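Please look over the notes below alongside the model.

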Amino acid sequence: MARLTIVGDKVAMSETAAERITSLIESAIATRGLAALSLTGGDTPDLLYQFLADPSRPWHARIEWEHLHLFWGDEREVPPDHPQSNFGLARRLWTQYVAVPDTQVHRMRGELPASDAGRLYDAVLRARRDRVAGALFDVMLLGIGANAHIASIFPDSPLLVRGPKGSAPPVRSGEDPPGPRDQLAAGVPVPELNQWRITLTPVALLDSAVIIVIAAGASKADAIAAAIDGPADTARYPAQLLRDAGERVEWIIDSAAAARLRDAPRA
């Protein structure tokens, strides 16, 4: 069963997440000499990223930044300096203020067509898998959308189709379709937004030692209740994919986001 931590508000949620992520990074570096953290975008992690960047906060000095590798769970089809770029968000609020080597910042190439960027990131992750023992990521940080999407796996995504070798992503007109395979990243359409996105696949999301989901605000309450308590319907509620990870999943959410949960403990 997933671990659930409920705190008062977004500030407390961000502080709690900063402490937990820092502890996990410290442990990974102490054990293996490096740590791999996958980041999320959207509005939820902004305070968290600022707290990790702030040298006056306790977490900044505890992380050996030169031993940290950064990845991303998803990205919009925009260049890195675009206001909607998930990479750009992390850079503006956090990563430009710490000494993570550029060669250890593994961004998704949002300036490319999403299908091309997905194939490139899939290759990056496959190369990493060949080099490391154990989980692909030490920490996977995720948000959750009001419609229960995680990363850029939205309701009815083609990546939710299960098969013995995984599912092949869709392709744009004129492209050669890839064969079914156990993919780690892909470019996928999001019809409800009239966009394409680059995203980790369920296989990659679940290939994490710890998965931390953060959420704040009443707008997330229905999605969280569906993800944690609701009847199984992964096509409608993609966050239910995380049930397959069991106790490796840790939800850190505020009271408003937890309002629809049954029998939710309070910190």
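1. Buried means under 20% relative accessible area, exposed over 50%, and partly exposed in between (1.4 Å probe, protein chains only). Helices (H or I, at least four residues) and strands (E, at least two) are DSSP runs, numbered from the N terminus. The model is predicted: local features need pLDDT of at least 70, side-chain atom pairs count only at pLDDT 80 or more, and totals for chains, interfaces and linings use all residues. Residues are numbered from 1 along each chain as its sequence is written, and side-chain values use heavy atoms, with hydrogens and water left out.

2. Just after α1, Gly33 has a positive phi of about 90°.

3. Strand β6 (residues 185-190) has 5 of its 6 residues buried. It pairs with β7 (residues 195-200) in the antiparallel sense over 6 bridges; pairing requires at least two DSSP bridges between the strands. Ala185 stands opposite Leu200. The hairpin has 4 residues between its strands, and Asn194 in the turn has a positive phi of about 55°.

4. There are 13 salt bridges in the structure (a side-chain nitrogen of Lys or Arg within 4 Å of a carboxyl oxygen of Asp or Glu). One joins Glu19 to Arg62, with the closest N and O atoms 2.8 Å apart. This pair links helix α1 to helix α3 (residues 58-62), 43 residues apart.
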